[in-house]
Amino acid sequence: MSFPSVRSIEAPLLAEIASSGGEVAIRDHEIYRRVARYFPELTDEDLAMPHCPKCTAWENRVQWARLKLVHKKEIYDWRAVGRQGIWRITEKGLERLRRQPVQPPPDFGREIDQEPVTEEQRKVHAEVQKQL
């Protein structure tokens, strides 16, 4: 399978960081799964494909998107945050989300074995996006 482009991963990554209070710790790898939801064409096999002993090909692709966002000054460099493993959105990143809102993923708000997302939940997500 061919993975989504690094560029197409950027906005969902920003949206997920913003919806997590503006920063995420990557040590639990949750951010990778959350961003993957924006790309329903990705299979479990795609997400598990190894890249190196420490990460999957998908995680590597998301990390490249993060690096591009650092270069665009939409995510802080770890030195500005004070510790590695923390991804924090900048005001410029929030401004991008205000200008170009990201649609919630198809399974927004849904965990494994949960019911599909209700229209009310989608409205709440849209409201939060407006406030950004």
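This is a predicted model: local features need pLDDT of at least 70, side-chain atom pairs count only at pLDDT 80 or more; totals for chains, interfaces and linings use all residues.
Residues are numbered from 1 along each chain as its sequence is written, and side-chain values use heavy atoms, with hydrogens and water left out.

**Exercise 1: the cysteines**

Step 1. Start with the cut-off: a disulfide is a pair of cysteine sulfur atoms within 2.5 Å.

Step 2. Now look at the distance.

Step 3. Check the rest: searching the whole structure turns up zero disulfides.

Step 4. Finally, compare accessibility, where buried means under 20% relative accessible area, exposed over 50%, and partly exposed in between (1.4 Å probe, protein chains only). Cysteine 52 has 34%, so it counts as partly exposed. Cysteine 55 has 12%, so it is buried.

**Exercise 2: glutamate 16**

Find where glutamate 16 sits and which residues it is in contact with, leaving aside neighbours within four places in sequence.

Step 1. Locate it: glutamate 16 belongs to helix α1, residues 6–19. (Helices are DSSP runs of H or I with at least four residues, numbered from the N terminus.)

Step 2. Is glutamate 16 buried or exposed? Its relative accessible area is 3%, so it's buried.

Step 3. List the partners, taking contact as heavy atoms within 4.5 Å. With those close neighbours set aside, glutamate 16 touches Ile31, Arg34, Val35, Arg37 and Tyr38.

Step 4. Zoom in on two of them. The C-alpha atoms of glutamate 16 and valine 35 are 6.9 Å apart, though 19 residues separate the two along the chain. With arginine 34, the glutamate 16 side chain makes a side-chain polar contact at 2.6 Å (a pair of N or O atoms within 3.5 Å; within protein, one must be able to donate a hydrogen and the other to accept it, and residues adjacent in sequence count only if both atoms are side-chain atoms).

**Exercise 3: two helices**

Describe how α1 and helix α4 (residues 57–71) pack.

Step 1. Take the numbers: the angle is about 80°, and the axes are 8 Å apart. (Axes are lines fitted to C-alpha atoms, for helices over the stretch in contact, and angles run from 0 to 180 degrees between N-to-C directions.)

Step 2. Name the arrangement: α1 is roughly perpendicular to α4, a label for angles of 65 to 115 degrees.

Methods: Angles under 35 degrees count as roughly parallel, over 145 as roughly antiparallel, 65 to 115 as roughly perpendicular and the rest as oblique.
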